Amino acid sequence: MSIHRFRAGALTAVVLYVFAPAALHAQSAENVAVVINDNSEDSRNVGEHYARTRNLPASNVLRIQTSTDEVIQRGEYVLNIERSLSQAIRRSGLQDRLLYLVLTKGVPLRIAGSSGVGGTTSSVDSELTLLYRRMVGTPVPVDGRVDNPYFLGTRTVKEAKAFSHRDHDIYLVTRIDAFTVNQAMAIIDRAQMPSKEGRIVLDQLGAGGTGDQWMSQAAARLTELGHGPRVLLESTAQPARNEKAVLGYYSLGASDPQNQVRNVEMAFVPGSIAASLASFDARTFKQPPPNWRPTASADRSVWFEGSADALIGDLIASGISGVSGQVSEAYAFGAVRPEILFPAYLAGFNLAEAFYLATPTLSWQTIVIGDPLCAPFGRTPLSRDQLEEPVDESTGYPGAFARRRSAVVIAANRDVPEAAAQALMRAQGLLDREDKPGARRALEEVVTLAPRAAGPLVGLAQLEEELGEYEAAIGRYRLVVEAQPNHTIALNNLAYGLAVRLNMPAEALPFAQRAAKLAPLSGGVIDTLAWIHHLLGSNEVAAQLLAEAVRLEPRQAEIRLHAALVSMAINDAPRAARELDEALRLDRDLEKRDDVQRLRLQLRR
């Protein structure tokens, strides 16, 4: 039987590489991927509607299985969202071709974490903008914000460029979400025939603060670009109301006493966009009760879902086609800038480009609602040759991705010959194309050129495990442990191989104990140690260890299954049943396993 093992490094995932079919144009459906959470019916309905409406290639419909809650823990985000999407993108060779990721209702909104300017809380959407960078292998901090390389800043809109991976190592991430599925689907439908008509309404507080200054700059820039007649700058304390055709809207949200309302009474045209200088306005897409109203009050009794602030869901319900919001406190430095957003949109940039040109920070609190391809004033799209560099022949990776990844691999392997680093890149490319024999040959070349490099040795051992050559893999792990006695992955996988593959749990135990001492917070490592104790007949010890492993990684199906099996071994049938149910909820494929069937029979007695 297989068990959950602790693995890390670039050569741990084996995925299939498939070239996408050629298309006649770019910045279109082939550049967009929709992300569907298969655990959510809402996500399936919205995502499949978007895929049909935009006629996305099958390779661009990315399915994940994760929590349907609005808040997700970072570990689960990494495992079930970030890693799943990375594998799917690599599987189809879409690293460079994809420019836009579209999340759907039912995909979590916020990653739980600490607050403050250096906090670890962020929106799922903003964190996913850095998926490309993480796939390359560039270190990305978890705490605080990351500067957006696409942010226009003080440059003029004439200096802005269409987004591509030739220049930028990020994705532009938007979301199709709303209070209801029907409202979310309406966002998709409104984007198909966006209007070029409508006013840009800039609703100042009238106090001369930061937001008012940005809106004044926006009005000035739009006027300079020839859009003066369509600008409405409400500069008094009175709210802007009852505009009949609105293409753009910006306000200070509920911090403006005159805007503490659910409906701002604007007739938004198809393709209209909005933003505000507010925090917490994208904290939830749960429907508030009819009598709730946003305020600036500190009285928690009048709050909804953790804040008194307005909700962008109300703008969506009123007919907006695109809007940004913040899932938590973003501070002024994280706000979407109106003096960039509206000039960029009217200059022909699509919805995603306009919002991200105006967004200073990533790995922060912002989400952007809307179809990224919505572009009322769309310009001539770039060709595929303009967007993408030629595929790198030695690795099979898309050109820009290969160039960046190669630089990272060489920099991380300064202690080995450059030829070894290049062979390692080649091995990774072959693994992505599921050419395991070819990858093995490339890794053997790496090991020959750099015999003491632990990473390639571990990668080769893992590949040999995939090929069923367990004794060879165990021999490699032994070499790593001899050279680096505290190499946690090698210790853990050596213990697993000895105990399960070679039926030598007594010899495996000291290696598993060392690994667990080095990684006491890894549920996978503790799971390995627990299972070895089970194989040795020490089921009480195994049960205690598995309780800790479950606590550390509660959504790991394999760990839950082991807890069920060991619970049954100590005659705790109720816990065995609970753990088995949870394991199967997390991974239905476990149902096919012989040990699961035997456990079911035991539980029926």
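Visitor: How many salt bridges does the count come to in this structure?
Guide: The model is predicted. Side chains of opposite charge can pair when their charged atoms come close. A pair is counted when a side-chain nitrogen of Lys or Arg is within 4 Å of a carboxyl oxygen of Asp or Glu. By this rule the count comes to 33 salt bridges.

Visitor: Which residue meets Arg54 in a salt bridge, and where does that partner lie?
Guide: Arg54 is in helix 1 (residues 41–54), and its partner is 317 residues apart from it, in the loop between strand 15 (366–369) and helix 10 (384–387). The N to O distance of the pair is 2.7 Å.

Visitor: Is Asp167, which meets Lys161 in a salt bridge, buried, partly exposed or exposed?
Guide: The side chains of Asp167 and Lys161 meet at 3.2 Å, N to O. Buried means under 20% relative accessible area and exposed means over 50%. Because its relative accessibility is 41%, Asp167 counts as partly exposed.

Visitor: How many residues apart in sequence are the parts tied together by Asp314 and Arg262?
Guide: Asp314 forms a salt bridge with Arg262, with the closest N and O atoms 2.6 Å apart. Asp314 lies in helix 7 (residues 312–317), and Arg262 in the loop between strand 11 (246–251) and strand 12 (268–276). The pair therefore ties together parts whose separation in sequence is 52 residues.

Visitor: What is the distance between the end C-alpha atoms of helix 2, and what span should its residues give?
Guide: Helix 2 (residues 74–91) has 18 residues, and at 1.5 Å a residue these should span 26 Å. The distance between its end C-alpha atoms agrees with that value, at 24 Å.

Visitor: Where is the kink in helix 2 centred?
Guide: The kink is about 30°. Buried residues of helix 2 include Glu82 and Leu85. After the helix comes Gly93, with a positive phi near 60°. The kink is centred on Arg83.

Visitor: What is the volume of the largest cavity?
Guide: The count comes to three cavities of 30 Å³ or more. The largest cavity is lined by 21 residues, which divide into 10 nonpolar, seven polar and four charged. Its volume is about 230 Å³.

Visitor: Which element gives the most to the lining of the largest cavity?
Guide: Strand 11, strand 12, helix 7 and strand 13 (322–326) each supply at least two residues of this lining. Among the residues nearest the centre of the cavity are Gly253, Val264 and Leu315. The element that gives the most, with three residues, is helix 7.

Key
Residues numbered from 1 in each chain as written. Predicted model: local features only at pLDDT ≥ 70, side-chain atom pairs only at ≥ 80, totals over all residues. Heavy atoms only, no water. Helix = DSSP H or I, 4+ residues; strand = E, 2+ residues; numbered from the N terminus. Buried < 20%, exposed > 50% of the residue type's maximum accessible area, 1.4 Å probe, protein only. Expected span 1.5 Å × (residues − 1). Bend = angle between axes of the 7 residues up to and from the residue. 1 Å grid on protein atoms, 1.4 Å probe; cavity = no way out; pocket = protein on both sides within 12 Å on 5 of 7 lines; lining within 4 Å. Points joined across faces, edges and corners; volume = space filled by probe spheres on them. Nonpolar A, V, L, I, M, F, W, Y, C, P; charged D, E, K, R; others polar.
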